[in-house]
Amino acid sequence: MKILVGDDDRVNQLVLQGMLKKLGYECTVVGMGKDVVAHVSREPVDLIFLDVQMPDINGFDVVREIRNLPGISEASPKIAFVSGHDACDFRQELDELEVTLFLTKPVTVDGVRKIVES
């Protein structure tokens, strides 16, 4: 499984990367929303753990840009938003983008496992 982590915070990057490694998965890590879009445009991925709030563009706009790439569908790649806020805070955007995977920080290994196995 090809997994991409898009988060501007180095600690959050290392935490997610470590949890994925503990679960037996490797991942690529990028720090900006535009880097997520650029990576997906070059190399298909199965799952993206995506921070909602990044300094260049927010995670919702990243998803919109990814879905406008040639050959991308709403079903692939799967997107799991990660945020310090509760999913209820973003209900309108999540519904609009039809994204159902959401992790609230601090993330747990069990939460990451459930996302990867879904």
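His39 sits in helix 2 (helices, H or I of at least four residues, and strands, E of at least two, are DSSP runs numbered from the N terminus). With a relative accessible area of 7%, His39 is buried (buried means under 20% relative accessible area, exposed over 50% and partly exposed in between, using a 1.4 Å probe and protein chains only). Setting aside neighbours within four places in sequence, His39 is in contact with Leu4, Thr28 and Val45 (contact means heavy atoms within 4.5 Å). All of this comes from a predicted model, where local features need pLDDT of at least 70, side-chain atom pairs count only at pLDDT 80 or more, and totals for chains, interfaces and linings use all residues. Residues are numbered from 1 along each chain as its sequence is written, and side-chain values use heavy atoms, with hydrogens and water left out.

Next comes helix 3. Helix 3 spans residues 59-67, and its buried residues are Gly59, Phe60, Val62, Val63, Ile66 and Arg67. They lie on the same side of helix 3, because they cover an arc of only 160° around the axis (the arc is that of the directions from the helix axis to the C-beta atoms). The cover over these buried residues includes helix 2 (33-42), strand 3 (47-51), strand 4 (78-83) and helix 4. At the start of helix 3, the backbone nitrogen of Phe60 has a side-chain oxygen of Asn58 within 2.9 Å.

On to the rings: the whole structure holds 3 aromatic pairs (rings of Phe, Tyr and Trp, the last by its six-membered ring, pair if their centres lie within 6.5 Å; planes under 30 degrees apart count as stacked, over 60 as edge-to-face and the rest as tilted). One of them is the tilted pair of Phe60 and Phe81, at 4.9 Å centre to centre with 55° between the planes. Phe60 is buried at 6% relative accessibility, and Phe81 is buried at 0%. Phe90 and Phe102 also make a tilted pair, with ring centres 6.1 Å apart and planes at 40°. Ring pairs join Phe60, Phe81, Phe90 and Phe102 into a cluster.

The loop between helix 4 and strand 5 holds Glu98, whose phi is near 55°, a positive value in a residue other than glycine. Glu98 is exposed, at 56% relative accessible area. Thr100 is found in the loop between helix 4 (91-97) and strand 5 (101-104), and is exposed at 74%.

Methods:
Polar contact = N/O pair within 3.5 Å; in protein donor to acceptor, adjacent residues only side chain to side chain.
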